[in-house]
Amino acid sequence: MPLATTEPRPQLKPALGAGGPGSGAPGRGGDGRGPEDAGGHGRRVPRRAYYTGILVGLAPILMLFAALASSYIVRQGITHEKDWIDLPLPGLIWVNTLLLVSSSVALELARRSLKRQALPGFTAWWKIGTLLGLGFVAGQIGIWWQLREQGVYFSDNPSHSFFYLLTIAHALHVLGGMVALLYVWRGSANMKLVDGRCLRVDLSSVYWHFMDFIWLFLLGLFLIGR
Amino acid sequence: MSVAHEVDEEHEVHVHQEPTQFIWKYVFSTDHKVIGKQYYMLAVVAVVIGLTLSLMFRWHLATYDPQHMFLSPDTYLQVLTMHGTILVFMVLTTAPLGGFGNYFLPIQIGAVDMAFPRLNMLSFWLTLLSFITLLAAFFVPGGAPVSGWTGYPPLSAINSTTEGMGWGQTLWVGSIAIFCLASLVGAINFIVTTLDLRARGMTLLRMPLPCWAWFVTAVLALLSFAVLFAGGLLLILDRHLGTSFYIPAGVIFGAKELNHKGGSPLLYQHLFWFFGHPEVYIAILPGMGIVSHILATFSRKPIFGYKAMVYAIIAIGGIGFFVWGHHMFQSGMSPYVAVAFSLLTMTIGVPSAIKTFNWLGTLWMGNITCNSAMLFALGFVSLFVSGGISGIFLGQNAVDIYFHDTYFVVAHFHLIMGVAAMFSIAAGTYFWFPKMYGRFMNESLGKVHFWLTFVGVYSVFIPMHLMGLWGHPRRYSGMENAFLSNPFIPAMHNMVTAAAFVAVLAQLIFICNFFYSMFKGPVAPENPWNCTSLEWITTSPPKFDNFGGVEPVVNHDPYEYSVPGASKDYIMQTDPPEAAPAHAVGHD
């Protein structure tokens, strides 16, 4: 695949206010602006806004899972009714964990290939990462299927409700990330590169790694206090 | 002063064309100014509905007669629930942040738009969808829910308890969930815009105080709405999928025991109030920012202790996350936990007092102009103090045990959260109307509006404190026993209702003034108030790209009024550095 898709760093308009009255007191506001991407109207939005945006956007996801996890811990701690039945964790959960973590590793390898401008390497690793991610989703469906076969249903015990709720909520977030991974896959032949970095590649992998983090957090939650 | 001349030397910014078709320009617009106005108008519609509902239950209470009730007990609770929900979510959360924040944050920091305009549009349309969903609860079988704006389970978690707890409650939860998503999307935009889109020279500590307030408010929204969403999610699952997150074992309804076990209704309270207390600051912090801005402008003085104001906003927002338990003193929590929550609640008094002191310090020896905007800003300070004082009482767990669920609490939170925030919205409207619509609002009508509202709301809520002290419970549609035991209570209800009608009807003056002035008001210049911040260097109303294709460069702090030795009594943030004599710079 030709590397001609790599674009040079877009030429910025001359730094605004340079040499003008502002140069005497430059603020952080004007510093460190990268190349500009198109916003909603094609108005200028600094590139780093997207990086800030994804990090800020992960905060509510973290809060959602933190709230659900706290509810889980609180409910687990209510012992006087003795009605909490620990869910038998299916063995598949370890396979899935491995799939998800290795998909993240593959995406990271893809990102590094991109940095070295090795586009074929990028494409290969990205596809591997995406497929591993799909494997995780399929594995999660497998877990729900197994549990159902064992007669573990959504509403029959608080621990079961929480397990289904947390894993389904996580899987929905993973599917959202999957859309982004597939989008990058589809557009991998036509990427805008700036300093060996591509915005959508960076953003979707940050999100994906965060899904790993949430998953490991949930796994720990299911394991402790049993 | 004219911006055109000042910025000619600066370099042009490439800006794409403004949409020309009506639907893209005014309906599905990605322009932050249009979205700000859309939010504001949504809040106006919501406030009319919400206040009408309040008049309905005030009328019920004033004319209370067990034989001929104006509202049935169920209807009373439905009206009460919707009044609270509409005003808290669709007015107090939308107008100060979504309305003014959207319109003025980008302009005040010198940006051409929000960071993510399409997300911004999504945020508004989700809010509208949420509002429509909420209103739809009136029109489904059974009508609106009766569980109050807090929607506590087990009442809210069981479908079939009473009128409105079926579809009405489901729509209510759905509406809140959509609102959470809208607020989260909006909050991301506010935070990124503030961090990454500031104009050259606009350091964080040069931002006008409203920008700080919107920023901290957005952080609160970002962290708290996700928790409310989680709470709502569990509620919906309990209602419709048979789970038992909130419904304990042994709930007997009708003649049969419900098939739930193991849930904890308290869990909902924790999740709800972890959102609910920051929500109070989501409503009031933007007001604090707006009021600080207006007080400095019309006192012709720098804001007293700018940095202290910034740190106080951050402190209020930060501590606000650790006090939710003070809404739950009655829940049977350990007294040790209650004391911890109580102490943390008292701590919020410190930054609040710093703010109040600094507002008074700003006014002190100022050259004060008492126009409508300033009157409402002063009214805000007054309400913040009188509403805040009773918060000190309620924050003590021992005292709250007595006051909980009485009119004392109703009086407290209406003064500080409801009415104070409303005053800041009114102040912001009179102040920014010339910028938003290029015309002035009528000053005389503004002053009539202020005095009727100011006297009206105090006449509504001061007596309620007294009724609360007498033990008058809130949320009761009829209370024959209370009427019999205290002959003053019916008289009080009459007085409160009369005052409520005055205060609410006075808003009609405001609304008429607003829409009349939009078309017929005197034309406003660029900077009618001789204010220093960036929105006043551009045209009224601002062009599509805010600054006419040039990016402003900021050289000054936001509140350089009456700088000794300067040629005029205010220095625009974009004035050249030499506009302020060297010895005077940094005098704040």
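Me: Where is B:Pro541 placed in this model?
Reply: B:Pro541 sits in the segment after α17 (488-520) of chain B. Bear in mind that the model is predicted.

Me: What kind of peptide bond runs from B:Ser540 to B:Pro541?
Reply: The bond from B:Ser540 to B:Pro541 is cis, with omega near -10°. Most peptide bonds are trans.

Me: Which residues does the cis bond with omega of about 5° join?
Reply: That cis bond joins B:Pro153 and B:Pro154. B:Pro154 is in the loop between α6 (117-136) and α7 (167-196) of chain B.

Me: Now backbone angles. What is phi of B:Arg300?
Reply: Phi of B:Arg300 is near 50°, a positive value in a residue that is not glycine. Most residues other than glycine have a negative phi.

Me: Where is B:Arg300?
Reply: B:Arg300 is in the loop between α9 and α10 (306-319) of chain B. It counts as partly exposed because 15 other C-beta atoms lie within 10 Å.

Me: And what about phi of B:Arg475?
Reply: B:Arg475 is not a glycine either, and its phi is positive, about 70°. Its place is the loop between α15 (443-469) and α16 (480-485) of chain B.

Me: Is B:Arg475 buried or exposed?
Reply: B:Arg475 is exposed, because it has 12 C-beta neighbours inside 10 Å and the cut-off for exposed is 12 or fewer.

Me: Switching to B:Gly101. Which helix is that in?
Reply: B:Gly101 is in helix α5 (residues 94-109) of chain B.

Me: Why does B:Gly101 count as buried?
Reply: It has 31 C-beta neighbours inside 10 Å, and a residue is buried at 20 or more.

Me: What is B:Gly101 in contact with, beyond its neighbours within four places in sequence?
Reply: With those set aside, B:Gly101 contacts B:Pro96, B:Phe190, B:Trp214 and B:Pro286. Its C-alpha atom is also 10.0 Å from that of B:Thr217, a residue 116 positions away along the chain.

Me: On to the core. How many residues are in the largest nonpolar one?
Reply: The largest nonpolar core has 230 residues, and those with the most contacts inside it are B:Ala377, B:Ala420 and B:Ala427. Helix α8 (residues 209-240) of chain B gives the most to this core, with 23 residues.

Me: What does B:Ala420 touch?
Reply: Not counting residues up to four places away in sequence, B:Ala420 touches B:Ile284, B:Gly287, B:Phe380, B:Leu383, B:Phe384, B:Gly387 and B:Leu415.

Me: What does α8(B) pack with, and at what angle?
Reply: α8(B) packs with helix α9 (residues 265-299) of chain B at about 160°, and the axes are 8 Å apart. The two helices are therefore roughly antiparallel. Residues of this contact divide into 25 nonpolar, six polar and one charged.

Me: Left-handed or right-handed crossing for α8(B) and α9(B)?
Reply: The crossing of α8(B) and α9(B) is left-handed.

Me: How do α12 and α14 of chain B pack?
Reply: Helix α12 (residues 372-394) and helix α14 (residues 407-437) of chain B pack at about 160°, with 8 Å between their axes. That makes α12(B) roughly antiparallel to α14(B). In their contact, 19 residues are nonpolar, nine are polar and none are charged. The crossing of α12(B) and α14(B) is left-handed.

Me: OK, chain A. How many helices and strands?
Reply: Chain A has five helices and two strands. Along the sequence the pattern is β-β-α-α-α-α-α.

Me: What share of chain A is buried?
Reply: Buried residues make up 32% of the 226 residues in chain A. Among contacts in chain A with a separation of 6 or more, 75% are between residues 24 or more positions apart.

Me: How do α1 and α5 of chain A pack?
Reply: Helix α1 (residues 47-77) and helix α5 (residues 199-223) of chain A pack at about 15°, with axes 11 Å apart. They are therefore roughly parallel, and α1(A) passes α5(A) in a right-handed crossing.

Me: Which residues meet there?
Reply: From α1(A), the residues include A:Tyr50, A:Leu58 and A:Phe65, and those they meet in α5(A) include A:Leu203, A:Phe210 and A:Phe217. The contact of α1(A) with α5(A) divides into 14 nonpolar residues, no polar and one charged.

Note on methods. Residues numbered from 1 in each chain as written. Chains lettered and ligands numbered in written order. Predicted model: local features only at pLDDT ≥ 70, side-chain atom pairs only at ≥ 80, totals over all residues. Axes fitted to C-alpha atoms, helices over the stretch in contact; angles between N-to-C directions. Helix = DSSP H or I, 4+ residues; strand = E, 2+ residues; numbered from the N terminus. Parallel < 35°, antiparallel > 145°, perpendicular 65-115°, else oblique. Left-handed = near helix turned anticlockwise from the far one by under 90°. Nonpolar A, V, L, I, M, F, W, Y, C, P; charged D, E, K, R; others polar. Core = buried A, V, L, I, M, F, W, Y, C linked by C-beta atoms within 7 Å. Contact = placed C-beta atoms within 7 Å.
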